[in-house]
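Here are my notes on the model you sent over. Have it open while you read, and go through the points in order.

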Amino acid sequence: QVQLVESGGGLVQAGGSLRLSCAASGWTFNRYIMGWFRQAPGKEREFVATINVSGGSTAYVDSVKGRFTISRDNAKNTVTLQMTSLKPEDTAVYSCAAALVIFSRMEDYTVAERYSYWGQGTQVTVSS
């Protein structure tokens, strides 16, 4: 059974940091591109970051570049999103997702429709 479980969300003041983790089980983790998406109330789901199978290539939405870092540990079947200098506009439910390796460009994995498996999400709230 394919499963993705996020953890690490919470309430933090602006300027603070949070570390989100996503644990995968039930499939061959190191064959999938992994991504993080977020959805704020009343807004569309938004791409945040993605990482390739080896962990050597990443892509980020412009609004988080320099503040967020995505990484993965294939031995532990986990993907992590380290978030620093958090802003109130980062408030959202953050979900991890997995995509088969079909396209060659990381930019092709900034679209939610590329992803086959999704976690339930974890709430991140940044207070001003």
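Does Asp 108 count as buried or exposed? It counts as buried, at 13% relative accessibility; buried is under 20% relative accessible area, exposed is over 50%, and partly exposed lies in between (1.4 Å probe, protein chains only).

1. Ground rules. This is a predicted model, where local features need pLDDT of at least 70 and side-chain atom pairs count only at pLDDT 80 or more, while totals for chains, interfaces and linings use all residues. Residues are numbered from 1 along each chain as its sequence is written, and side-chain values use heavy atoms, with hydrogens and water left out.

2. The partner of Asp 108. Asp 108 makes a salt bridge with Arg 105, with 3.1 Å between the closest N and O atoms. A salt bridge here is a side-chain nitrogen of Lys or Arg within 4 Å of a carboxyl oxygen of Asp or Glu. Arg 105 is partly exposed, with a relative accessible area of 48%.

3. The other salt bridges. The whole structure has five salt bridges, and a network of them links Arg 38, Glu 46, Arg 67 and Asp 90. Arg 38 pairs with Glu 46 at 2.7 Å, N to O, and with Asp 90 at 3.0 Å, N to O. The Asp 90 pair links distant parts of the chain: Arg 38 sits in strand 4 and Asp 90 in the loop between strand 8 and strand 9, 52 residues apart. Strands are DSSP runs (E, at least two residues), numbered from the N terminus. Arg 38 is buried, with a relative accessible area of 6%, and Asp 90 is buried at 1%, whereas Glu 46 is partly exposed at 29%.

4. The disulfide. There is one disulfide in the structure, meaning a pair of cysteine sulfur atoms within 2.5 Å. Cys 22 and Cys 96 form it, with their sulfur atoms 1.9 Å apart. The pair joins distant parts of the chain, from Cys 22 in strand 3 (residues 18–25) to Cys 96 in strand 9 (residues 92–100), 74 residues apart. The link is right-handed, with 50 degrees about the S-S bond. Cys 22 counts as buried at 1% relative accessibility, and Cys 96 is buried at 0% relative accessible area.

5. The core. The largest nonpolar core has 40 residues, and Met 34, Trp 36, Val 79, Leu 81, Met 83 and Tyr 94 have the most contacts inside it. Such a core is a set of buried Ala, Val, Leu, Ile, Met, Phe, Trp, Tyr and Cys residues joined through side-chain atoms within 4.5 Å. Strand 9 gives the most to this core, with six residues. Contact means heavy atoms within 4.5 Å; leaving aside neighbours within four places in sequence, the contacts of Val 79 include Cys 22, Met 34, Trp 36 and Cys 96.

6. Two serines. Ser 95 is in strand 9 and is buried, with a relative accessible area of 12%. Ser 57 lies in the loop between strand 5 and strand 6 and counts as partly exposed at 25% relative accessibility. The C-alpha atoms of Ser 57 and Ser 71 are separated by 9.6 Å, and these residues are 14 residues apart along the chain.

7. Ile 102 is found in the loop between strand 9 and strand 10 (117–118), and is exposed, with a relative accessible area of 62%.

Conventions: Helices (H or I, at least four residues) and strands (E, at least two) are DSSP runs, numbered from the N terminus.
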